[in-house]
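Please describe how this protein chain is arranged.

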Amino acid sequence: MDAYDCIVTKLEVREFNDQNGVSSEIRLKILESARLTGSSLNTQPWRFIVIQNKDNLKKLSEDSTSGKWIYGANFAIIILTNPYFRFHLIDAGKVVQNMQLAAWNYGVGSALFTGLDEELLRKDFSIPIDYKPVIVVGFGYPKKKINGKTKKKNRLTMHELVSFEEYGKS
């Protein structure tokens with residue numbers, strides 16, 4: 001898929017087809033897209049925990065304040081960052097975007113949540129103190145057939161978003 005088409009058609013997916021699992025080849029491509037993401041000063045402040053087992057997906061959903069839907073995902077990735085690095089949250093956003101776009105390229109839907117019970121996550125998934133769990137992304141084939149090209153996205157207009165030279169000038 002063309003990169004621009006991938007960006008403009010990608011939708012957040014929180015309901016997944018439980019019949020079709022994402023192949024290990026596609027999972028590796030999603031992880032490789034994360035590994036190759038640029039980071040501030042090439043610090044690569046992230047680490048990833050892949051959750052595939054249904055019991056662990058249930059645990060992950062219980063460790064969430066906003067991601068109960070993750071239980072229905074084919075797999076999930078917990079993104080950890082090292083807060084020692086000043087731009088770790090920006091880098092986390094970049095890595096998640098790359099993973100989601102790589103997944104969408106293969107027809108795999110995804111969504112993220114940040115409502116985490118950090119203490120429970122640390123205990124349940126043996127997260128070291130040097131890393132902070134910041135985002136969880138769930139992946140799977142969409143339950144409903146969707147096509148981002150036909151679904152209108154509710155977005156602000158360019159006129160509302162963009163200023164030239166100083167704020168408020170269009």
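## A loop serine and its surroundings

The side chain of Ser64 reaches the backbone nitrogen of Gly67 at 2.4 Å, a polar contact (a pair of N or O atoms within 3.5 Å; within protein, one must be able to donate a hydrogen and the other to accept it, and residues adjacent in sequence count only if both atoms are side-chain atoms). The structure is a predicted model, in which local features need pLDDT of at least 70 and side-chain atom pairs count only at pLDDT 80 or more, while totals for chains, interfaces and linings use all residues. Residues are numbered from 1 along each chain as its sequence is written, and side-chain values use heavy atoms, with hydrogens and water left out.

Ser64 is located in the loop between helix 3 and strand 2. Helices (H or I, at least four residues) and strands (E, at least two) are DSSP runs, numbered from the N terminus. With a relative accessible area of 4%, Ser64 is buried; buried means under 20% relative accessible area, exposed over 50%, and partly exposed in between (1.4 Å probe, protein chains only). Leaving aside its neighbours within four places in sequence, Ser64 is in contact (heavy atoms within 4.5 Å) with Phe113 and Gly115.

## Helix 3

At its start, a side-chain oxygen of Asn53 reaches to within 2.7 Å of the backbone nitrogen of Asp55. Which residues of helix 3 are buried? They are Leu57, Leu60 and Ser61. Because these residues cover an arc of only 100° around the axis, they are on the same side of helix 3; the arc is that of the directions from the helix axis to the C-beta atoms. The buried residues of helix 3 pack against strand 1, strand 2, helix 5 and strand 4.

## The strands

Strand 2 is mostly covered, with 7 of its 7 residues buried. In a regular strand the side chains alternate between the two faces of the sheet.

Two strands pair if DSSP finds at least two bridges between them. The pairings are listed here.

| Strands | Sense | Bridges |
|---|---|---|
| Strand 1 (residues 46-51) and strand 2 | antiparallel | 6 bridges |
| Strand 2 and strand 4 (residues 132-140) | antiparallel | 7 bridges |
| Strand 3 and strand 4 | antiparallel | 5 bridges |

Individual bridge partners can be followed from strand to strand. Ala76 of strand 2 is the bridge partner of Ile51, and Gly138 in strand 4 is the bridge partner of Ala76. Phe75 stands opposite Phe139 in strand 4, and Leu112 has Val137 in strand 4 as its bridge partner. Strand 4 is largely enclosed by the rest of the structure, because 8 of its 9 residues are buried.

## The nonpolar cores

In soluble globular proteins, nonpolar side chains tend to be buried together. A nonpolar core is a set of buried Ala, Val, Leu, Ile, Met, Phe, Trp, Tyr and Cys residues joined through side-chain atoms within 4.5 Å. The largest such core has 23 residues, of which Leu60, Ile70, Ile78 and Val136 touch the most other members. Two or more residues of this core come from each of helix 3 (54-62), strand 2 (75-81), helix 4 (88-105), strand 3 (109-113) and helix 5 (118-125). Strand 2 gives the largest share, 3 residues.

What does Ile78 touch, not counting residues up to four places away in sequence? Its contacts include Arg47, Phe48, Leu60, Leu121, Phe125 and Val136. A second, separate core of 18 residues includes Val22, Ala92, Ala103 and Val137.

## Two residues with positive phi

Most residues other than glycine have a negative phi, and most peptide bonds are trans. Leu41, in the loop between helix 2 (24-35) and strand 1, has a positive phi near 55°. Leu41 is exposed, with a relative accessible area of 84%. Gln44 lies in the loop between helix 2 and strand 1 and has a positive phi of about 45°. At 32% relative accessibility, Gln44 is partly exposed.
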